[in-house]
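Morning, everyone. Please have a look at it first.

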Amino acid sequence: MTVRSVECGVRSGRANVRALFRIPHSAFRTGLLLAIAACAGSDGPRVTVTIPAGATLDAAVDSLAANHVINHPGSFRLYARLRGLAGSLKSGVYLLRQNESWSDVVAALERGRGVEQRFTVREGLRLAEVADLARGQLRIPRDSFLAAAEDSVLLTSVGLPAEAPSAEGYLFPTTYLLPLGIGARELVRVMTHQFTQQWSPEWQARLDSLHFSRHELVTLASIVEAEVRYDPDRPFVSAVYHNRLKRGMRLEADPTVSYAYGRRLRRVWEKNLAVRSPYNTYLHAGLPPGPIGQPGRAGLVAALYPADVPFLYFVAQPDGKHIFSATYAEHLAAIQRVKQLRRAARAPQRQGR
């Protein structure tokens, strides 16, 4: 009995020692997850994440998770606290990769890698003009940006339609806050991602009712954007084109002729209407092969929801507003009226001389 007692005591002692140093399975698993996630790398798409001034660590983690920079917010929150990020978090606009390593994310938020610069793209600009802006404001070589915007692999990865030959029409016009030194491919990703973010879920159902593809809708929206200077005219210009498409009429849109030339024409003359190009809607029925510029949200909405009017024609007045007509006879009368307005506008200039 004594021997047994001693053996039991020895066993009990060893068990107690092991218990002191035993690591619970769940804790081990969590620690392993933290270690792997912290060191893992990523070549996923870049996304912009904004950390407002005064944001808490919890708010920052929520933003990172919403943009899929991290996939395990609870575990990352623990990791970030262990790294001391709660006390060293810096606000800013960050360009981070989805599923980026946790150590890189924390390092970026600690040192404030989000130093940004503004980049403004207005509605209606063409791809080549956006490339010029990127060269002038962001120091991105023009050829590099154009190459990225025409890279089929990149376009597929950002979710552009298969029929889109380039990012033309999908570089959403707005003001961006971008990190210094952003590259051409990253800029294309950011701008096309912004377009995707603007696309409302209910718009797909509307496309189905119109029997339009997304690419066709963006193409029409870009033409509407190029035509309109007076914002309230958008749904009416859209209605003219929708009505013409339904009747099988050519769109005869001047901006498509200018686009076919590869440069902006100050004015489209009759001699320009013969340019041979699939983008010339005076020669070819239906929509052109793709967008002719970057439509904004208002242009997209107008193309989706045209005014319920019978108009088939319009002509621009000197002040940028349009006169709309349902018949060709009305259209001819509107043209004469516009000519009178132009002559009246030139009269004071002549008297001043």
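**Cores and pockets**

Start with the largest nonpolar core: 58 residues, with Phe119, Phe145, Leu187 and Tyr241 making the most contacts inside it. A nonpolar core here is a set of buried Ala, Val, Leu, Ile, Met, Phe, Trp, Tyr and Cys residues joined through side-chain atoms within 4.5 Å. Buried means under 20% relative accessible area, with a 1.4 Å probe and protein chains only.

A word on the source. This is a predicted model, where local features need pLDDT of at least 70, side-chain atom pairs count only at pLDDT 80 or more, and totals for chains, interfaces and linings use all residues. Residues are numbered from 1 along each chain as its sequence is written, and side-chain values use heavy atoms, with hydrogens and water left out.

What does Phe119 touch? Leaving out residues up to four places away in sequence, its contacts (heavy atoms within 4.5 Å) are Val130, Leu133, Ala134, Gln137, Leu138, Thr174, Thr175, Tyr176, Leu178, Leu187 and Met191. Another core lies apart, with 21 residues, including Val49, Ala80, Leu85 and Val106.

Now the pockets. On a 1 Å grid over the protein atoms alone, a pocket is an open set of points where a 1.4 Å probe fits, with protein on both sides within 12 Å along at least five of seven lines; lining residues have an atom within 4 Å of a point. Volume is the space filled by probe spheres set on the points, which are joined across faces, edges and corners.

The largest pocket holds about 1,900 Å³ of space. It has 50 lining residues, and Glu227, Asp254, Val268, Ala316 and Arg342 are the closest to its centre. Helix 15 gives the largest share of that lining, ten residues. Helices are DSSP runs of H or I, at least four residues, and strands are runs of E, at least two, numbered from the N terminus. By class, the lining splits into 24 nonpolar, nine polar and 17 charged residues.

Helix 13 also contributes two or more residues to this lining. Its Pro255, Thr256, Val257, Ser258 and Tyr259 are buried. Helix 11 is among what covers them. After helix 13 comes Gly262, with a positive phi near 80°.

Last, the second largest pocket, at about 170 Å³. Which element gives the most to its lining? Helix 9, with four residues. The lining has four nonpolar, eight polar and no charged residues. Thr48, Asn67 and His193 are among them.

Methods. Ala, Val, Leu, Ile, Met, Phe, Trp, Tyr, Cys and Pro count as nonpolar, Asp, Glu, Lys and Arg as charged, and the others, Gly among them, as polar. Buried means under 20% relative accessible area, exposed over 50%, partly exposed in between (1.4 Å probe, protein chains only).
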